[in-house]
Amino acid sequence: NKEASSSAGAARPQGERASRGMKAVLLIGNFSGSLRPLTLSQPLPLLRFCNRSLIFHQLQALKDAGISQVVICHPNKEVPADWTAAIEQLSGELGLKLVCSQETEPAGTAGALKHAEALVTDDGTNDAPFIVVNADVLCSYPLRDLLLAHLKHGREGTLLTTRSEEPSEYGVVVVDERTGGITHFVDRPETFVSDRINCGVYVFSPAIFERIRASSRVSMNELLPAMAKAEQLNSMLLSGYWVKLTSTRSYMGAVASHLEIARYLAPASLAESTADFTVTGNVMVHPSATIGKGCVVGPAVVIGPNCRVAEGVRLESCTLLEGAAVASHAIIRESVLGLGSSIGRWCFVNGSVLGEAVEVCEALLLNGATVLPQKQLERNIRSPEIVI
């Protein structure tokens with residue numbers, strides 16, 4: 001792939017010059033992720049989130065930061081059949097140049113970066129800093145601010161951090177509060193050390209490639225502590241929302257946060273009550289979906305393309321993926337309905353995740369059910385259970 005790199009004139013401000021000449025890297029560790037059974041039918045990057053693929057949200061954030069080219073690093077195993085077509089469609093829709101860097105062998109998160117070095121640096125001719133985003137992370141993406149912070153301190157790397165109420169679940173970042181410099185990392189501390197954690201969003205200077213061994217498996221957990229020890233790693237604290245998509249519960253929590261942001265930044269994308277149904281709170285409805293009379297929808301609800309919701313249905317804190325159908329007088333709470341799944345009349349579905357084309361018969365209770373694709377349920381599930 002021949003790549004075009006832009007070069008801004010010296011008269012432009014430094015932040016603008018770097019932004020115009022910068023690339024970004026999107027790191028995809030694997031295509032299945034931890035959101036099963038949803039990712040049994042769709043790869044994680046293409047899974048719908050608020051009626052757009054996850055990767056669309058990340059690429060849109062990069063474009064908004066002034067990026068014109070993104071290198072997508074991914075393994076060569078389990079590559080979806082429609083991956084190339086999906087990337088070409090996203091490239092055209094967003095006006096971004098997208099180039100894939102496919103690992104022949106598992107290289108680790110830092111090793112994947114090393115594998116893409118020639119694409120990122122134009123074979124060593126481009127020394128502009130670049131943004132790196134993990135594909136299993138969603139946040140408010142203050143990428144322009146992160147870039148400016150990186151240019152200001154002049155170190156090799158800048159890491160976006162956020163405060164966590166459970167930092168031991170992730171490992172913590174210890175920061176010099178005066179300078180923002182990262183002193184060290186502590187993996188899953190048993191006592192309180194810091195409440196800051198790594199967001200999986202970075203700006204790096206090309207000098208970091210010298211720190212990563214070629215043709216080796218190297219993780220960020222090896223690279224970042226070495227940079228901190230050499231006093232070459234700074235931090236910036238995120239003030240908005242952040243979520244790592246480790247489970248379907250984290251997915252649902254991210255939906256609520258995203259809709260809340262949409263209320264302020266894109267209110268036209270949210271639905272309002274009509275003469276037929278009532279909307280409470282933040283709700284997103286695809287134009288092709290239908291909602292019956294007497295329904296109460298919201299808060300934190302997303303209804304995808306070609307979904308059908310019959311009369312008298314109650315939807316709360318849930319996502320209906322494309323083609324899902326809910327029959328009359330059902331109640332759906334804190335759940336995700338997979339592609340083409342269907343819920344029978346008078347059902348009560350709570351805290352459940354249904355894979356693709358799951359059929360739930362009439363008048364059933366599902367409480368904490370995780371149902372794999374292509375299943376038909378004819379019995380109640382009163383406590384958490386995986387239906388295989």
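**View 1. The largest nonpolar core has 64 residues.** Within this core of a predicted model, Val70 and Tyr251 have the most contacts. A nonpolar core here is a set of buried Ala, Val, Leu, Ile, Met, Phe, Trp, Tyr and Cys residues joined through side-chain atoms within 4.5 Å. Buried means under 20% relative accessible area, exposed means over 50%, and partly exposed lies in between (1.4 Å probe, protein chains only). In soluble globular proteins, nonpolar side chains tend to be buried together.

**View 2. Tyrosine 251 and its contacts.** Which residues does tyrosine 251 touch, leaving aside neighbours within four places in sequence? They are Leu35, Leu47, Arg48, Phe49, Leu245, Thr319, Leu321 and Val336, where contact means heavy atoms within 4.5 Å. A second, separate core has 34 residues, including Ala330, Ile343, Cys347 and Val387.

**View 3. An open sheet of 6 strands.** Follow the strands in the order β14-β17-β20-β23-β26-β29, paired in parallel. The edges are β14 (278-279) and β29 (365-367), each pairing on one side only. Strands are DSSP runs of E with at least two residues, numbered from the N terminus, and two strands pair if DSSP finds at least two bridges between them. Zoom in on β23 (residues 331-333) and β26 (residues 348-350): 3 bridges join these parallel strands. In one of them, isoleucine 331 has phenylalanine 348 of β26 as its bridge partner.

**View 4. A salt bridge between arginine 196 and glutamate 177.** Their side chains meet at 3.1 Å, N to O. Arginine 196 sits in strand β11 (residues 196-204) and glutamate 177 in the loop between β9 (172-175) and β10 (182-186), so the pair ties together parts that are 19 residues apart in sequence. Arginine 196 is buried, at 7% relative accessible area, whereas glutamate 177 is exposed, at 54%. A salt bridge is a side-chain nitrogen of Lys or Arg within 4 Å of a carboxyl oxygen of Asp or Glu. Side chains of opposite charge can pair when their charged atoms come close.

**View 5. Further salt bridges, from the 14 in the structure.** Lysine 114 and glutamate 117 meet at 3.1 Å, N to O, and glutamate 117 is partly exposed, at 25%. Glutamate 222 and arginine 213 meet at 4.0 Å, N to O. Here glutamate 222 is partly exposed, at 42%, as is arginine 213, at 48%. Salt bridges with shared partners also link Arg314, Glu316, Arg333 and Glu334 into one network.

**Notes for all views.** Residues are numbered from 1 along each chain as its sequence is written, and side-chain values use heavy atoms, leaving out hydrogens and water. In this predicted model, local features need pLDDT of at least 70 and side-chain atom pairs count only at pLDDT 80 or more, while totals for chains, interfaces and linings use all residues.

Notes. Helix = DSSP H or I, 4+ residues; strand = E, 2+ residues; numbered from the N terminus.
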